[in-house]
Structure formats: C-alpha cells, structure tokens
Amino acid sequence: MGELVRLEKHDGIGTIRLDRPPMNALNTQVQEEIRAAAEEATTDDSVRAVVVYGGEKVFAAGADIKEMQQMSYVDMAARAANLSAALGAVARIPKPVVAAITGYALGGGCELALACDWRVVADDAKLGQPEIKLGIIPGAGGTQRLARLVGPARAKDIVLSGRMVDAQEALRIGLADRVVPAADVYAEAISLVRPYANGPAQAIRAAKAAIDGGLDMDLNSGLAWESQLFAALFATDDRGEGMAAFVEKRKPDFTGR
C-alpha cells in the first residue's frame, strides 16, 4: 500500500487511487507508487478490471514542476525513462482499465489517462498537454498515445498549442469515451468495467493483447498474432464453459481459467 497511491479492491474491481492533494502532481514518489499499484493489479487474480481515479476534485494536474525545475539533462534522462515505464505499467495491465477524470488531466495526468483503455470524463473537466508552455514536450506518452488515439493532426494541435480541451471536444475527437456530471464520474467508470469482473479473463487478456500488440505491426503480422492468441484460448477452461453454455442455452459461469 503506497502513501500517495493505493490499490483498493472490491468485487473484482481494483481502483488505483491517487491521493496527493491538492492537485495529484506526479512527483517521483507518485510515479513509482503508480507503477507498484499497476503491477499489483496485473498480478492479483482477484482484480478483474481497474479504475484509475484521482478523487472528486482532480484527476492529476501534471508533473511536479518544482521538482523538475532543478533537474539537469543527466537527471532527466534517467527520470524520463522511469516515468514512461511507470505509466507503461498501467498500459500493460492485461485487464480492462478506465480513467475516471474529474477536474484536470493535464501533462503527466493526461498521459496517465491515455495509458488507460477508456476515459470517463466529468462534463466540466479539462484535458491537455501544456508542456510546450514550459519549453518542453510531453515525455511519458503524450506525443505517441495521443496521436494514435485522435490522429496526428489533432495531436499536433493539442501538443503544439498546449491548450486545454474541454469535455465535449474530448468526446468529439475520441479523447473521452463518456461524459457525465462530475458527481457521477466514478460510478460511471465502475459501471463501464463491471461487466468484465465476471467475464472470461483469459479471453479478455488475449483481446487486449491482440489489439494493443497489433498496432505496432503490419497487417499480416497482426493477423498472425491474432491467430496465435485465438488458438491458445482453446486451452482454457472458460472456452469450454462458454461454448457449452451456448449449446445448452444458459448463461456461462466463467472462472477466469
């Protein structure tokens, strides 16, 4: 259990909860505790889906600039790789992951949201990559995941301007998946992933691996990767249960094995 980031577990859903008031700035401690929470969510079989949540007021407003201000190139060369790896640990969780965004998701906070599979956004929230206004660029996925999500032209607009994107624009361009009142964000995020808590965990893992892995391949390689994952599922108990339930016209009882 981290001091500033913790993994809370309830009914098959794990919540990675950031708790560094007032803005959940991502300093080195928060970074490493996010990594630890993501790794725990990955390895704990009782966790079948994950919500990343910063609380009722703010998701994460970015990196700790006071900490970064004194860093040299040599300092940041090591820190940048570690920050990217920490958020990469969230992206690599082999289970459905949704960011529940209230207030601000800026800079590193937006990059954390981008590492999730979906984003549920409060109707008054703001997202963005304002690093350009500090004379730097996003360094933990903001240029790469954002471009893959919304396309290179829109990503360049957001990154080069450093402007904030409101919830409705985020929904329109695909940066947000659902927009709800701020008071409903966490409940909506839970609702989004609830169906996966009792789903076929190995098939869900394979589907996520097929999609994410295929994005880095040409089409033929991606199709071969998909075929391999598809065939492997015939070694799972859930495949047998799912097909038996279909033939017997009943609801499947998946065990995640």
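Me: Hi! What should I know before looking at this model?
Reply: It is a predicted model, where local features need pLDDT of at least 70, side-chain atom pairs count only at pLDDT 80 or more, and totals for chains, interfaces and linings use all residues. Residues are numbered from 1 along each chain as its sequence is written, and side-chain values use heavy atoms, with hydrogens and water left out.

Me: Thanks! How much space lies in the largest pocket?
Reply: About 830 Å³. A pocket here is an open set of points on a 1 Å grid over the protein atoms alone, where a 1.4 Å probe fits, with protein on both sides within 12 Å along at least five of seven lines. Points are joined across faces, edges and corners, and the volume is the space filled by probe spheres set on them.

Me: And which residues lie nearest its centre?
Reply: Ala91, Asp117, Lys208, Asp212 and Leu215, out of 27 lining residues, where lining means having an atom within 4 Å of a point. β6 (118-122), α5 (144-150) and α9 (201-214) each give two or more residues to that lining. The largest share, eight residues, comes from α9. Helices (H or I, at least four residues) and strands (E, at least two) are DSSP runs, numbered from the N terminus.

Me: Where does the largest pocket lie relative to the domains?
Reply: Domain 1 (5-196) and domain 2 (201-248) both contribute to the lining, so the largest pocket lies between them. The domain bounds come from an automatic or database domain assignment.

Me: Switching topic: what order do the strands of the open sheet take?
Reply: The six strands run β1-β2-β3-β4-β6-β9, with mixed pairing; two strands pair if DSSP finds at least two bridges between them. At the edges stand β1 (5-10) and β9 (178-180), each with a single partner strand, so one side of each has no neighbour in the sheet.

Me: How much twist is there from one strand to the next?
Reply: The average is 20 degrees, with axes fitted as lines to C-alpha atoms (for helices over the stretch in contact) and angles running from 0 to 180 degrees between N-to-C directions.

Me: What packs on the sheet?
Reply: Helix α8 (residues 185-193) does, touching β2 (13-18), β3, β4, β6 and β9. Contact means heavy atoms within 4.5 Å. The direction of α8 makes about 155 degrees with that of β6.

Me: Last one: how do β3 and β4 run?
Reply: They run parallel, joined by four bridges, and Val51 stands opposite Val98 in β4.
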